[in-house]
Amino acid sequence: MKQIELGQSGLNASQIALGVMRIDRKNAQETAKTVSTAFDAGINYYDTADIYGAGKSSTIFGQALKDAGIDRNKIYIQTKIGIILKNGQINGDGLTGLRYDFSREHLLSAVDIELQRLQTDHIDFLLLHRPDTLMEPEEIADAFSQLEASGKVLHFGVSNFTPYDIELVQQAVSQRLEVNQLQFALTHANMISENIQMNIDGSPDSDTHVRTFDILTYMRLHKMTIQAWSPFQYGMFAGVFIDNPKFKELNDQLQTLADKYHSNKSAVAVAWILKHPANIQTILGSTSPEHIKQMTEVDDVHLSNQEWYDLYQAAGYKIP
């Protein structure tokens with residue numbers, strides 16, 4: 001599997017990563033098989049978050065690595081912190097109510113808890129999990145410096161941040177923010193459509209449109225890596241588009257290209273993301289070993305520019 005440098009970190013990782021958000025629904029044996037299948041397919045980068053399964057996903061994943069006999073030194077682990085669930089179980093402070101918390105104390109304690117869950121002594125990439133409008137950049141900087149100095153975190157990034165959110169944090173911290181995890185798929189390509197339809201009558205500028213604030217161009221200019229989450233979802237976890245009758249034209253086009261490249265529709269959908277010159281890393285969210293095998297069969301799928309745009313339009317987007 002192709003590897004890419006994440007940002008300018010000097011760390012080369014598989015261009016396809018495995019997200020373990022739903023892994024808490026599996027037993028130990030199933031989870032070990034899922035992780036082994038991904039590793040055997042060339043995936044060496046794994047993404048979790050302290051809220052996934054209310055912390056259970058990280059715990060199960062950490063044990064699955066042990067059970068599968070995977071060498072920690074051969075993989076990279078990424079986690080995300082900063083969201084407090086309604087019952088406050090992440091940091092055990094007894095406070096209730098869904099909120100964000102980028103305070104120095106919470107960031108430090110959240111990392112320690114994740115290290116215990118994952119059964120490891122360091123996190124390769126730590127991401128701030130969505131922007132906290134009450135964040136104090138100086139507190140984040142203090143936490144990052146302590147985490148880096150202690151060796152608990154090697155690299156840093158963000159999730160679902162706008163360009164100015166990134167700038168606000170980056171001007172305070174001494175570490176480079178290397179990645180930004182964003183929802184991106186054939187059926188969630190707003191960052192593409194906003195660029196293509198710039199200054200066109202009828203462009204997507206309504207209040208209900210998901211604005212991306214030129215994040216795609218910003219990420220390329222600043223050499224930050226986009227990590228695409230939910231690469232098969234439409235809406236906000238509304239469902240998958242593969243084999244969905246709501247997306248007949250898209251599935252027909254995916255099947256045509258799958259036949260041409262002797263592959264499958266899922267792999268073609270991943271290849272569509274990977275073709276973009278932004279050098280995007282795609283995070284798979286499946287826990288099915290069979291689906292993981294299908295999704296990673298991308299090596300022989302070399303989409304032409306025309307085929308890429310054909311898929312984009314089949315997904316319902318227009319080219320002026």
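I call a residue buried under 20% relative accessible area, exposed over 50%, and partly exposed in between, using a 1.4 Å probe and protein chains only. This is a predicted model, where local features need pLDDT of at least 70, side-chain atom pairs count only at pLDDT 80 or more, and totals for chains, interfaces and linings use all residues. Residues are numbered from 1 along each chain as its sequence is written, and side-chain values use heavy atoms, with hydrogens and water left out.

**Entry: Phe 39**

I began with Phe 39, which is partly exposed at a relative accessible area of 27%. I found Phe 39 in helix H1 (residues 28-40); helices are DSSP runs of H or I with at least four residues, strands are runs of E with at least two, and both are numbered from the N terminus. Leaving out residues up to four places away in sequence, Phe 39 touches Tyr 46, Ile 70, Lys 74 and Ile 75 (contact means heavy atoms within 4.5 Å). Lys 74 lies 35 residues from Phe 39 in sequence, yet their C-alpha atoms are 9.5 Å apart.

**Entry: aromatic pairs**

Next I looked up ring pairs: rings of Phe, Tyr and Trp (its six-membered ring) with centres within 6.5 Å, stacked under 30 degrees between planes, edge-to-face over 60, tilted otherwise. The whole structure has 11 aromatic pairs. Trp 308 and Tyr 309 pair edge-to-face, 5.1 Å centre to centre with 85° between the planes. Trp 308 is buried at 7% relative accessibility, whereas Tyr 309 is partly exposed at 35%. Trp 308 also stacks with Tyr 312, at 6.0 Å and 10°. These two sit 4 residues apart in helix H11, so about one helical turn separates them.
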